[in-house]
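Please look over the sequence and the model before reading on.

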Amino acid sequence: MSDAVIRVVGLGKSYVTAAGLFPALKGVDLEVRPGEYIAIMGPSGSGKSTFMNLLGCLDQPSMGDYFLAGENVAHLEKDALAQLRNRTLGFVFQGFNLLPRMSLQDNVALPLVYAGVDKETRRRAAREMLARVGLEKYAESRPNQISGGQQQRVAIARALVNKPRLILADEPTGNLDSHTSEEIMRLFGELNGEGITIVLVTHEPDIAEHAKRQVRFLDGQIINDHLTGAAA
Amino acid sequence: MLKAMLSEAWLAMGANRLRTALTMLGMVIGVGAVVIMIAIGQGAQYAVQQTISTMGSNLYIVLSGSFTASGVRSGSAGAPSLNVADAEAMAELDGVANVSPTHQGTRQLVYGSQNWSTQVIGSTPEYLEARAWNIVNGASFGDSDVRSATRVAIIGKTVAENLFGADDPVGKTMRIQQNPFVVIGVLGSKGQNLDGRDQDDTVIIPLTTAQRKVFGTPFLGSVRMIMVQADSAESMPKVEAGITALLRQRHRLREGMPDDFFMRNLSAAAESEAATTRTMSILLGAIASISLLVGGIGIMNIMLVSVTERTREIGIRMAIGARQKDILTQFLLEAVMISFAGCLLGLLLGLGIALGINAFTGMVIVISGSAALVAFAVAATVGIFFGWYPAKKAAQLDPIEALRYQ
């Protein structure tokens, strides 16, 4: 079992609210094996975003354990979590989250800055990733000079630049039209084909259909976990 | 990594140029004010020190006392109570570096068709040493001149100009009270003393010549004044006590009788003036530092606004792996860069204005490299100090909250 990319055991998270302790996540067990492509679904308030934040090492659980690539990261300190986000994970957000003042190349290279990689290597890696998502000719452009779909591809290039084992995508097509969404999903499909593990959150069933496995959340618990037609 | 962060800080500064410039302006004015005030303060101190150094350092003047005849009191140096033997005895005292007995008065000088009334000082060669006075043309007289009462004179610059005009005075013969004197040297210029008296308007001749040929003395060897130089500022009180005891003993004054001489500390007035200017320049610097402080608070204010505005950016950076340290460094660097750039401009502005003041008003300005260095150190400190809190605030943001921030 130790070769699982993600293994969570009894993972829970509670928030302190005015009405008292609110359990957003009530003891979830899940295992994700290398090369899997999972869509996490569920209505808002179902705990799927909380779960994603925990998977993404952005937050610390109130209970349970989280083994990321075999290492229990449930109780690591903030800076150690930052290092995991930097080296082991790649993030793709709904709102793209590119830095508007920087060129696309610098945006893609930013994770490498925090990894302490030298400038020339950063430049080469960023170019390579931009080429991978088909946007190398926009390397010197700013985010506001390209379309939303292109921005999301740049964000994916940024997620890939540190060669992570795992890509976490939170509603990656939420801000895109259906045609562009298809393009992005095709890109995720290709990346998964290259062996990268992908976990994405979506509430659109047709987007979730691209994944090989669907996990459905309700009231802080997993109510359904099944393989899709794409798994075959 | 640092290089990448520096260029990012540069980008951030360029993103809102007007705001960056206004923030910097606080530092520019602060540093500029400090530089100008230090330049003016040090200039004033320098000017006072120059004046003090022309008088000679650690000097006491011992004047013979007054006498009273038919109820009329003569004023100091009226009574013939001091003589050369007193001076010789003083020279033996511990802590005394230099003793020069002098006998002076005002006399008319004549050269050719010109004449000029000036202070004539009869003294020994040590007098020039005590007053740190150098000869710019010709030479001084020696002890042999004093022993044989030769008629030689050293003249001050003002006398040289008034009697000899453009001619070289050295080797010329002038008359003091019908006595011919050969000018053997011209003194370097000392300018005005603290009272505004022209120190260059004087003639120095051997003591014995003054006593016998120019002024005459009530007793053989009488002098009006003895100038005593202590070997250091620390030994001055000891020298003062020593001289008082020595003279009272030599003059056979009994317990309870008043001194028949006066002692004046020449340095005291000068020291107090120096202390005043020092206080003034510290005060000026302190007031200017307040504007530096205000400039620093301006930086803090803008950095706080900047952190709030860029909350989402901070969240993104954290999500892709920025540690708290990285965010802290980024914002701290920005604050320090703004403060450094402001400091550099302020330094140039301050220097420009200080030089302008010097050019237009002739006020003495001293610009020291150490002041510039201090200004830079202060700017860095201000940047780090006032940048720390906003940077810390940024670094401690919760990544999820920051990412959600609109």
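## The model and its numbering

This is a predicted model, in which local features need pLDDT of at least 70, side-chain atom pairs count only at pLDDT 80 or more, and totals for chains, interfaces and linings use all residues. Residues are numbered from 1 along each chain as its sequence is written, while chains are lettered from A and ligands numbered from 1 in the order in which they are written.

## Chain A as a whole

Chain A has seven helices and ten strands; helices (H or I, at least four residues) and strands (E, at least two) are DSSP runs, numbered from the N terminus. Its radius of gyration is 18 Å, close to the 17 Å that the globule rule gives for 232 residues, so chain A is as compact as a globular protein of that length. The radius is taken over C-alpha atoms, and the rule is 2.2 Å times the number of residues to the power 0.38.

In chain A, 47% of the 232 residues count as buried. A residue is buried if 20 or more other C-beta atoms, placed from the backbone, lie within 10 Å of its own.

## The sheet of chain A

Six strands of chain A form an open sheet with mixed pairing, in the order β6-β7-β8-β3-β9-β10. Two strands pair if DSSP finds at least two bridges between them. The edge strands, β6 (89-92) and β10 (221-227) of chain A, each pair on one side only. Strand β9 (residues 213-218) of chain A pairs with β10(A) in the antiparallel sense over six bridges, and F217(A) stands opposite I222(A) in β10(A).

Helix α1 (residues 48-55) of chain A packs on the sheet, touching β3 (37-41), β7 (166-170), β8 (197-201) and β9 of chain A. Its direction makes about 145 degrees with that of β8(A); axes are lines fitted to C-alpha atoms, for helices over the stretch in contact, and angles run from 0 to 180 degrees between N-to-C directions.

## The nonpolar cores

A nonpolar core is a set of buried Ala, Val, Leu, Ile, Met, Phe, Trp, Tyr and Cys residues joined through C-beta atoms within 7 Å. The largest has 123 residues, of which I40(A), V31(B) and V35(B) touch the most other members. Helix α2 (residues 17-55) of chain B gives the most to this core, with 15 residues. A second, separate core of 52 residues includes L59(B), I121(B), I155(B) and V228(B).

## Where the chains meet

In this model, 16 residues of chain B are in contact with 21 residues of chain A; contact means that C-beta atoms, placed from the backbone, lie within 7 Å. On the chain B side, the largest share, four residues, comes from α10(B). The residues of that side divide into eleven nonpolar, two polar and three charged. Here Ala, Val, Leu, Ile, Met, Phe, Trp, Tyr, Cys and Pro count as nonpolar, Asp, Glu, Lys and Arg as charged, and the others, Gly among them, as polar.

## A covered strand in chain B

Strand β8 (residues 152-155) of chain B is covered on both faces: V152(B) and I154(B) on one side and A153(B) and I155(B) on the other are all buried. β8(B) pairs with β10(B) in the parallel sense over four bridges and with β11(B) in the antiparallel sense over two bridges. I155(B) stands opposite V186(B) in β10(B), and its bridge partner in β11(B) is V203(B).

Terms used. Buried ≥ 20, exposed ≤ 12 C-beta atoms within 10 Å, placed from the backbone. Contact = placed C-beta atoms within 7 Å.
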